[in-house]
Amino acid sequence: SISIRQFKNIQFITTKSVVPAISFKSVVESFTITIIGQKNRVTTFKVKGTDNLQTILKVSIGDKVIFSNIKIRIEGELESRILDNRVVDIVD
C-alpha cells in the first residue's frame, strides 16, 4: 500500500521505486501501468522510463495500480531484464 500523497509525488519510475531493496545500478526502460479504479474502471498506459508520470497518472484512494512488463537495464549487462509485476493499493 502507498498513500495517495506519496504516489502523487512520484515523478518518474525508477528501479528503486519499483523494487526498493535493489542494490545494483539500473534504469527502468519501459513498463505498463494498469489502474483499476472505482466501479472496476480500468485504464492502461504503456510508459517509457523517462515519461513524466504526473501528466498521465490520475489515481484516487481505493484504486489498485499494477506495474507490469517492467523492463530494466542493469549497468554492465548486455540484455534487459523483465521484473515481476508489482501491485500497489492507494490508501489515505
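User: What should I know before I start?

Analyst: This is a predicted model, so local features need pLDDT of at least 70, side-chain atom pairs count only at pLDDT 80 or more, and totals for chains, interfaces and linings use all residues. Residues are numbered from 1 along each chain as its sequence is written, and side-chain values use heavy atoms, with hydrogens and water left out.

User: How many helices and strands does the protein chain have?

Analyst: Start with the definition. Helices (H or I, at least four residues) and strands (E, at least two) are DSSP runs, numbered from the N terminus. Here the protein chain has two helices and six strands. Read from the N terminus, their order is β-α-α-β-β-β-β-β.

User: Which strands pair with β6?

Analyst: Two strands pair if DSSP finds at least two bridges between them. Strand β1 (residues 2-3) runs parallel to strand β6 (residues 86-91), with two bridges. Strand β4 (residues 64-74) is antiparallel to β6, and four bridges join them. On that side, V65 has V88 as its bridge partner.

User: Where do side chains point in a strand?

Analyst: In a regular strand they alternate between the two faces of the sheet.

User: What share of the residues is buried?

Analyst: Buried means under 20% relative accessible area, exposed means over 50%, and partly exposed lies in between (1.4 Å probe, protein chains only). Of the 92 residues in the protein chain, 37% are buried. Surface is a separate total. Accessible areas come from the Shrake-Rupley method with a 1.4 Å probe; for residues, only the protein chains shown count as cover. The protein chain exposes about 5,900 Å², and carbon and sulfur atoms supply 53% of that area.

User: What share of the contacts joins residues at least 24 apart?

Analyst: Contact means heavy atoms within 4.5 Å. Take the contacts between residues at least 6 apart in sequence: 60% of them join residues at least 24 apart.

User: How do I read an aromatic pair?

Analyst: Use the distance of the centres and the angle of the planes. Rings of Phe, Tyr and Trp (its six-membered ring) pair if their centres lie within 6.5 Å; planes under 30 degrees apart count as stacked, over 60 as edge-to-face and the rest as tilted. The count here is one aromatic pair. F31 and F67 have ring centres 6.1 Å apart and planes at 50°, so the pair is tilted. It links distant parts of the chain: F31 sits in strand β2 (residues 26-36) and F67 in strand β4, 36 residues apart.

User: Are F31 and F67 buried or exposed?

Analyst: Both F31 and F67 are buried.

User: How many salt bridges are there?

Analyst: A salt bridge is a side-chain nitrogen of Lys or Arg within 4 Å of a carboxyl oxygen of Asp or Glu. The count is three. Take R73 and E29, whose closest N and O atoms are 3.1 Å apart. R73 lies in strand β4 and E29 in strand β2, so this pair ties together parts 44 residues apart in sequence. R73 is partly exposed at 29% relative accessible area, and E29 is partly exposed at 25%.
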